[in-house]
Amino acid sequence: MNIGSDGAIPPLAGDESNQGMDEVDFRIVALLRRDGRMPYKAIAADLGLTEATVRSRVRRMEEADSLRVVAVTDYEAVGYSMMLAVGIQVEGRAADEVAEDLASFTQVFSVCQVVGTLDIEALAVARDQEDLNQLLSELAAVPGVRKLEPSVALDVLKNQSNWVPFGQAD
């Protein structure tokens with residue numbers, strides 16, 4: 001599904017995750033994806049709405065947990081040169097408890113419980129090889145971690161933090 005020529009992100013047919021969001025909401029989201037600091041006045045002018053309408057709609061989407069505007073740090077710009085995925089097998093402890101412990105690591109930015117040969121998948125960053133070795137040692141020492149299966153990214157082709165299931169970014 002593509003963003004229309006007018007910048008609108010159409011909802012998927014039958015997608016329950018779009019509760020209460022209409023075409024105007026999707027167009028507001030599309031503009032905020034391009035610039036999360038875009039003033040409501042500019043959004044209103046672009047969409048032919050009043051500033052109060054935009055403010056009200058954004059507040060409603062935020063309160064419904066349909067929208068959250070956040071700053072995203074470029075991990076390379078702050079000194080991390082390596083990104084890795086780490087598959088984790090758990091033994092002797094509940095996977096959700098291990099996942100919570102893993103999520104507390106500063107360098108770990110995503111932790112998911114999964115189904116399959118692994119119990120948890122985590123995404124993390126490291127500054128260099130020495131930092132990578134230290135991180136993997138610390139992750140392996142978390143109680144309940146039976147096995148780590150790390151994969152270091154050779155090249156990051158896409159790392160899109162603003163992806164959502166109801167459309168695509170430009």
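Two strands are taken as paired if DSSP finds at least two bridges between them, and strands (E, at least two residues) and helices (H or I, at least four) are DSSP runs numbered from the N terminus. The model shown in these views is predicted, so that local features need pLDDT of at least 70 and side-chain atom pairs count only at pLDDT 80 or more, while totals for chains, interfaces and linings use all residues. Residues are numbered from 1 along each chain as its sequence is written, and side-chain values use heavy atoms, with hydrogens and water left out.

**View 1. The open sheet has four strands in the order β2-β3-β1-β4, with antiparallel pairing.** At the edges stand β2 and β4 (145-152), each with a single partner strand, so one side of each is left without a neighbour in the sheet. From one strand to the next the twist averages 20°, where angles run from 0 to 180 degrees between N-to-C directions and axes are lines fitted to C-alpha atoms, for helices over the stretch in contact. Helix α4 (residues 95-103) lies across β1, β2, β3 and β4 and runs at about 170° to β2.

**View 2. Strand β3 (residues 120-126) pairs with β1 and with β2.** Strand β1 (residues 82-90) runs antiparallel to β3 and is joined to it by seven bridges, with Ile120 of β3 as the bridge partner of Ile88. Strand β2 (residues 108-113) also pairs with β3 in the antiparallel sense, over five bridges. Six residues lie between the strands of the β2 and β3 hairpin, in which Gly116 takes a positive phi near 140°. Five of the seven residues of β3 are buried, and the strand is thus described as mostly covered; buried means under 20% relative accessible area, exposed over 50% and partly exposed in between, with a 1.4 Å probe and protein chains only.

**View 3. Ala124 is found in strand β3.** Its relative accessibility is 1%, and Ala124 therefore counts as buried. Val108 stands opposite Ala124, and Leu84 likewise stands opposite Ala124. When neighbours within four places in sequence are left aside, Ala124 is in contact (heavy atoms within 4.5 Å) with Met82, Met83, Leu84, Gln107, Val108, Phe109 and Leu135. Phe105 is 19 residues from Ala124 in sequence, and the two are 8.9 Å apart in space, C-alpha to C-alpha.

**View 4. Helix α1 (residues 23-34) packs with helix α2 (residues 40-47) at an angle of about 125°, their axes being 11 Å apart.** The two helices α1 and α2 are therefore oblique to each other, since angles under 35 degrees count as roughly parallel, over 145 as roughly antiparallel, 65 to 115 as roughly perpendicular and the rest as oblique. The contact is made by Val24, Arg27, Ile28, Leu31 and Leu32 of α1 together with Ile43, Asp46 and Leu47 of α2. These residues divide into six nonpolar, no polar and two charged, where Ala, Val, Leu, Ile, Met, Phe, Trp, Tyr, Cys and Pro count as nonpolar, Asp, Glu, Lys and Arg as charged, and the others, Gly among them, as polar.

**View 5. Helices α2 and α3 (residues 51-63) pack at an angle of about 110°, with axes 8 Å apart.** The helices α2 and α3 are therefore roughly perpendicular to each other. Tyr40, Lys41, Ile43 and Ala44 of α2 make the contact with Glu51, Val54, Arg55 and Val58 of α3, and the residues of this contact divide into five nonpolar, no polar and three charged.
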